[in-house]
Amino acid sequence: MRVTVLDHPLVAHKLSVLRDKDTSSPVFRLLVEELVTLLAYEATRDVRVEPVTVQTPVAETQGIALAHPRPLVVPILRAGLGMLEGMTRLIPTAEVGFLGMARDDTTLDIITYAERLPDDLTGRQVYVLDPMLATGGTLSEAIKFLYRRGAEQITCVCLLAAPEGLERLRRELDDNEVNVVLASVDERLDENAYIVPGLGDAGDRLYGVVD
Ligand code: URA
């Protein structure tokens, strides 16, 4: 597993505003999109490309284009949805699939409640969007699910991670090739599995509290 933490003053600035409990939902949503676009720039460093011939107004030259099939972007509902716009801004021709996974707050088990993905992901490059890598339970289940469908290379784009979650991914995914691109690795999880210092419940801060 390869973990990349983006070290950039604009990322750190936007993240600090996101963490602030007084940042409103509209500003929070906007900042998540902006941050994801910055993270996506790094996350797509290995995106597959193929050579193309381009005719400029002056001469013919060689360029590159995104290879087919296009990358598949998979936001994990609900909070991952807030990251989709920022990701597709950078790769507008990506395919998008959806995976609805939630943590049962009592048992902490992961439940898959929705799925809209191609049946066959053989050889596909997949970008998973999930803002908070906390216990790692959701992301680990999502990655295993995608590998079972045949995905070849999986890159997770997250805003924050807890060291416990990263450790769990390392333990549970052993040899599978997974990249994780992040804005920060925070201190720890608290007793409710929230990331400390974190930014609170990302879904609630994006979309409000739903009981
Ligand atoms: N999910 C969140 O939204 N926030 C956390 O801190 C942990 C999990």
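Thr44 has a relative accessibility of 13% and therefore counts as buried, a label given to residues under 20% relative accessible area, with exposed meaning over 50% and partly exposed in between (1.4 Å probe, protein chains only). The structure is a predicted model, in which local features need pLDDT of at least 70 and side-chain atom pairs count only at pLDDT 80 or more, while totals for chains, interfaces and linings use all residues. Residues are numbered from 1 along each chain as its sequence is written, and side-chain values use heavy atoms, with hydrogens and water left out.

Thr44 is a friendly place to start, as it sits in the loop between H2 and strand E2 (49–55). Helices (H or I, at least four residues) and strands (E, at least two) are DSSP runs, numbered from the N terminus. Setting aside residues up to four places away in sequence, Thr44 touches Met87, Leu90, Ile91 and Tyr127, where contact means heavy atoms within 4.5 Å.

Helix H2 covers residues 25–43, and its 19 residues should span 27 Å at 1.5 Å a residue; the end C-alpha atoms are 26 Å apart, which agrees. The expected span is 1.5 Å times one less than the number of residues. The buried residues of H2 are Phe28, Leu31, Val32, Glu33, Leu35, Val36, Thr37, Leu39, Ala40 and Ala43. An α-helix has 3.6 residues a turn, so residues three or four places apart point the same way. The partners of the buried H2 residues include helices H1 (9–19), H3 (84–90) and H6 (202–207), as well as strands E8 (125–129), E10 (153–157) and E12 (178–182).

One of these partners, H1, packs on H2 at an angle of about 155°, with the two axes 10 Å apart. Axes here are lines fitted to C-alpha atoms, for helices over the stretch in contact, and angles run from 0 to 180 degrees between N-to-C directions. H1 is therefore roughly antiparallel to H2; angles over 145 degrees count as roughly antiparallel, those under 35 as roughly parallel, 65 to 115 as roughly perpendicular and the rest as oblique. The crossing of H1 and H2 is left-handed, a term used if the near helix is turned anticlockwise from the far one by less than a right angle, with right-handed used if clockwise. H1 brings Leu10, Val11, Lys14, Leu15, Val17 and Leu18 to the contact, and H2 brings Phe28, Leu31, Val32, Glu34, Leu35 and Leu38. By class, the contact of H1 with H2 has ten nonpolar, no polar and two charged residues. In this scheme Ala, Val, Leu, Ile, Met, Phe, Trp, Tyr, Cys and Pro count as nonpolar, Asp, Glu, Lys and Arg as charged, and the others, Gly among them, as polar.

Gly137, Leu139, Ser140, Ile143 and Lys144 of H4 meet Arg168, Leu169, Glu172 and Leu173 of H5. Four nonpolar, two polar and three charged residues make up the contact of H4 with H5.

H4 itself is mostly covered, with nine of its twelve residues buried; among them are Thr138, Ala142, Phe145, Leu146 and Tyr147. Its twelve residues should span 16 Å at 1.5 Å a residue, and the end C-alpha atoms of H4 are 17 Å apart, which agrees. Just after H4, Gly150 takes a positive phi of about 110°.

Met132, in strand E9 (residues 132–133), has 17% relative accessibility and so counts as buried. Apart from neighbours within four places in sequence, Met132 is in contact with Leu160, Ile195, Leu199, Gly200 and Ala202. Tyr113, in strand E7 (residues 110–116), counts as partly exposed because its relative accessibility is 48%. Beyond residues up to four places away in sequence, Tyr113 touches Leu77, Arg78, Gly100, Met101 and Ala102.

Leu77 and Arg78 are themselves joined by a cis peptide bond, with omega about 5°. Arg78 belongs to the loop between strand E4 (72–77) and H3. Another cis peptide bond runs from Val196 to Pro197, with omega near 0°, and Pro197 is in the loop between strand E15 (195–196) and H6. Ala193, in the loop between strand E14 (188–189) and E15, has a positive phi of about 65° although it is not a glycine.
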